[in-house]
Amino acid sequence: MTVWGKVKQALRAGALADAMKIRLGALFCAVVAVLMRPFVRVRPGRVMLFSYDHRLGGDLKYIALELLRRPQPLELVWVAQGALPAGLPAGVRTVQRGSLDFVRQALGAQVWVEDSVNFADLHIPKRMGQACFQTWHGSLGIKRFDEAAIGPGRWMRAARKCGRMTDYCISNSRYDTEQVFHATFWPHCEVLECGHPRNDILFGTPAHAAAVRAAVAQRYGIRPGEKIALYAPTYRNDVQGAEYGLDHAMLARALGERFGGEWVVAVRHHRLGNAARAEAGARVVDVTGYEDIQELMLAADVGLTDYSSWIYDYMLLERPGFTFVAEGCALDGGKLNYPLEAAPFPCAYGNTQLAGQIGAFDADAYRQRVRAFLARERCSDDGHAAARVAESVLCCCGFGEG
């Protein structure tokens, strides 16, 4: 057997081991939940927040922060995996995913808040007196995740079950309501078009944005005056590492020629992807470990992705955004809701085309496309989404009026 054959065999063995670990963990939770259920009552005011990647970011972070500001007596529980999330605020306690305490806290929570199919995937049964909020972790995005796009399997079974358990979906647009929720696993669920809490930070003051940028720059050694290009591709199981194909040095040169200044390429890979690669002639920093991508957006002067949905949050800032696919890297159109070219962002296939798109970038025309796109999809983000979601959560806990 060749070296590469041995490597592939080891990778397959590791993948099988991980899959078996996941299945056994879910089975453990299912059995424990059945045994515990008669002895655990639903606790008024307990809110359990379960993020798919366990980072302190996304909608769940900003819902938790808003609930902490409220005077009502709530018990907030964050589901962690391994190390605790950096910056976890006082007043939020943690449980480890899949532990005995996790099952007990989940059975006893009055409200679940999640951003994927997390509770269903671990076979936690929803009980009378419990309410489940689904925020999802993307918005206005292009990436399909329905059964036709993903195919059968464990995740699909969990998604269908999640659809039956959810009481409220959190949407930031008519597009989210129709395509992300009603067209997938939540066809009959009540959708609250109140905006995404994670995007409230993008409507903050310039002083707050400057403070966030300074913190990011200090952490990653970005010098004063250097500009930041955030590159964050989605996970694609047909592409790995260098095959994403971005020439960081060419990108930095093109940005300098069009927008001026010295540029740093901040690379944030998907949690299932690979680490950033440094290249000769390019300043590249790996920001994959940064918890909150919304803060990275605030720090960035330019955004770049393939078709990850974060760029649809980033455009609320009206800063330059681009989509990029490596030359010769075909996209499966069956996994997209619409062509890349239909989005407001200049779209490039290959590094040379990307440099050309950057050089020809028209800020006024781009701003008009972004505003037209948001208006067409009836985007409701306005900086006050967390407050609206918090009111709904509090109503489910018996505080306030529904």
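**Chatting through a predicted model**

Biologist: What is the relative accessible area of Glu318?

Modeller: Glu318 has 24%, so it counts as partly exposed. Buried means under 20% relative accessible area, exposed means over 50%, and partly exposed is in between, using a 1.4 Å probe and protein chains only.

Biologist: Before we go on, what sort of model is this?

Modeller: It's a predicted model, where local features need pLDDT of at least 70 and side-chain atom pairs count only at pLDDT 80 or more, while totals for chains, interfaces and linings use all residues. Residues are numbered from 1 along each chain as its sequence is written, and side-chain values use heavy atoms, with hydrogens and water left out.

Biologist: Back to Glu318, then. Which residue forms a salt bridge with it?

Modeller: Arg367 does, and the closest N and O atoms are 3.6 Å apart. A salt bridge here is a side-chain nitrogen of Lys or Arg within 4 Å of a carboxyl oxygen of Asp or Glu. This pair links distant parts of the chain: Arg367 sits in helix H13, Glu318 in the loop between H11 and strand E12 (321-325), and they are 49 residues apart. Helices (H or I, at least four residues) and strands (E, at least two) are DSSP runs, numbered from the N terminus.

Biologist: And Arg367, what's its relative accessibility?

Modeller: Arg367 is at 27%, so it counts as partly exposed.

Biologist: Where does Arg70 lie?

Modeller: Arg70 is in the loop between helix H2 (58-69) and strand E2 (75-80).

Biologist: Is Arg70 buried or exposed?

Modeller: Arg70 counts as buried because its relative accessibility is 18%. Its side chain also makes a polar contact with the side chain of Glu391, at 2.4 Å. (A polar contact is a pair of N or O atoms within 3.5 Å; within protein, one must be able to donate a hydrogen and the other to accept it, and residues adjacent in sequence count only if both atoms are side-chain atoms.)

Biologist: What else does Arg70 touch?

Modeller: Not counting residues up to four places away in sequence, Arg70 touches Ala387, Ala390, Glu391 and Leu394. Contact means heavy atoms within 4.5 Å.

Biologist: How many salt bridges does the structure hold?

Modeller: There are 24. One of them brings together the side chains of Glu147 and Arg160, at 3.2 Å, N to O. Glu147 lies in helix H5 (residues 147-150) and Arg160 in helix H6 (residues 154-165), so this pair ties together parts that are 13 residues apart in sequence.

Biologist: New topic: rings. How many aromatic pairs are there?

Modeller: The count comes to 22 aromatic pairs. Among them is Tyr312 with Phe373, a tilted pair at 6.0 Å centre to centre and 40° between the planes. Tyr312 is in helix H11 (residues 310-314) and Phe373 in helix H13 (residues 363-376), 61 residues apart, so to speak distant parts of the chain linked by the pair. Rings of Phe, Tyr and Trp (its six-membered ring) pair if their centres lie within 6.5 Å; planes under 30 degrees apart count as stacked, over 60 as edge-to-face and the rest as tilted.

Biologist: Are Tyr312 and Phe373 buried or exposed?

Modeller: Both Tyr312 and Phe373 are buried. Ring pairs also link them into a cluster with Phe259, Trp263, Phe322, Phe345, Phe361 and Tyr366.

Biologist: Which residues of helix H7 are buried?

Modeller: In H7 (residues 174-182), they are Tyr175, Asp176, Thr177, Val180 and Phe181. They pack against strand E5 (131-134), strand E6 (168-170) and strand E7 (190-192).

Biologist: Last one, the whole chain. How many helices and strands does it have?

Modeller: The protein chain has 14 helices and 13 strands. Buried residues make up 51% of its 402 residues.
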